[in-house]
Amino acid sequence: MAEFVEVPIGQLSDEAYTALLEEFASRDGTDYGEVEMSLAGKVNHLKRQLECGDIGLVYDLDSAQWDFLPAQSLLKLRGGQNAD
């Protein structure tokens with residue numbers, strides 16, 4: 001079972017933060033609807049979601065990978081419940 005740790009965005013360097021956002025935004029399968037969006041647009045969209053708490057950054061200790069989770073899953077994680 002995955003063990004996720006929430007990562008506070010403020011603890012990342014600017015370079016690491018930007019690299020995470022760009023890597024996620026350029027992943028295969030990231031779809032932002034019918035309108036094509038530039039990488040910069042996708043990064044800005046992710047920043048807004050992070051800043052308003054719609055998503056959060058998590059690190060999976062078992063797989064040593066990171067991802068963004070929606071706020072509802074983060075609430076479960078914070079409460080000690082399985083986010084799956």
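The model is a predicted one, in which local features need pLDDT of at least 70 and side-chain atom pairs count only at pLDDT 80 or more, while totals for chains, interfaces and linings use all residues. Residues are numbered from 1 along each chain as its sequence is written, and side-chain values use heavy atoms, with hydrogens and water left out.

**Overall layout**

- The chain holds three helices and three strands; these are DSSP runs numbered from the N terminus, with helices being H or I of at least four residues and strands being E of at least two.
- Read from the N terminus, the order of elements is β-α-α-β-β-α.
- The chain has 84 residues, and 24% of them count as buried; buried means under 20% relative accessible area, exposed means over 50%, and partly exposed is in between (1.4 Å probe, protein chains only).
- If you take the contacts between residues at least 6 apart in sequence, 45% of them join residues at least 24 apart; a contact here means heavy atoms within 4.5 Å.

**Helix 1 against helix 2**

- Helix 1 (residues 14–25) and helix 2 (residues 39–51) have axes that come within 9 Å and cross at roughly 115°; axes are lines fitted to C-alpha atoms, for helices over the stretch in contact, and angles run from 0 to 180 degrees between N-to-C directions.
- The two helices, helix 1 and helix 2, are therefore roughly perpendicular to each other (under 35 degrees counts as roughly parallel, over 145 as roughly antiparallel, 65 to 115 as roughly perpendicular and the rest as oblique).
- Helix 1 brings Tyr17, Leu21, Glu22, Phe24 and Ala25 to the contact, and helix 2 brings Leu39, Lys42, Val43, Leu46, Lys47 and Leu50.
- Sorted by class, the contact of helix 1 with helix 2 has eight nonpolar, no polar and three charged residues (Ala, Val, Leu, Ile, Met, Phe, Trp, Tyr, Cys and Pro count as nonpolar, Asp, Glu, Lys and Arg as charged, and the others, Gly among them, as polar).

**The sheet and the helices on it**

- Three strands make an open sheet in the order 1-2-3, with antiparallel pairing; two strands pair if DSSP finds at least two bridges between them.
- Strand 1 (4–7) and strand 3 are the edge strands, each pairing on one side only.
- From one strand to the next, the twist averages 40°.
- Strand 2 (residues 55–60) and strand 3 (residues 65–70) are joined by six bridges in the antiparallel sense.
- Across this pairing, Ile55 stands opposite Pro70, and Gly56 has Leu69 as its bridge partner.
- Helix 2 lies across strand 2 and strand 3, and runs at about 90° to strand 2.
- Helix 3 (residues 71–78) packs on the sheet and touches strand 1, strand 2 and strand 3; the direction of helix 3 makes about 110° with that of strand 3.

**Two residues to look at**

- Ala64 sits in the loop between strand 2 and strand 3, a hairpin with four residues between the strands.
- The phi of Ala64 is near 60°, which is a positive value in a residue other than glycine.
- For context, most residues other than glycine have a negative phi.
- Ala64 is partly exposed, at a relative accessible area of 49%.
- His45 belongs to helix 2 and is partly exposed too, with a relative accessible area of 26%.
- Between the C-alpha atoms of His45 and Ala25 there are 9.3 Å, with 20 residues separating the two along the chain.
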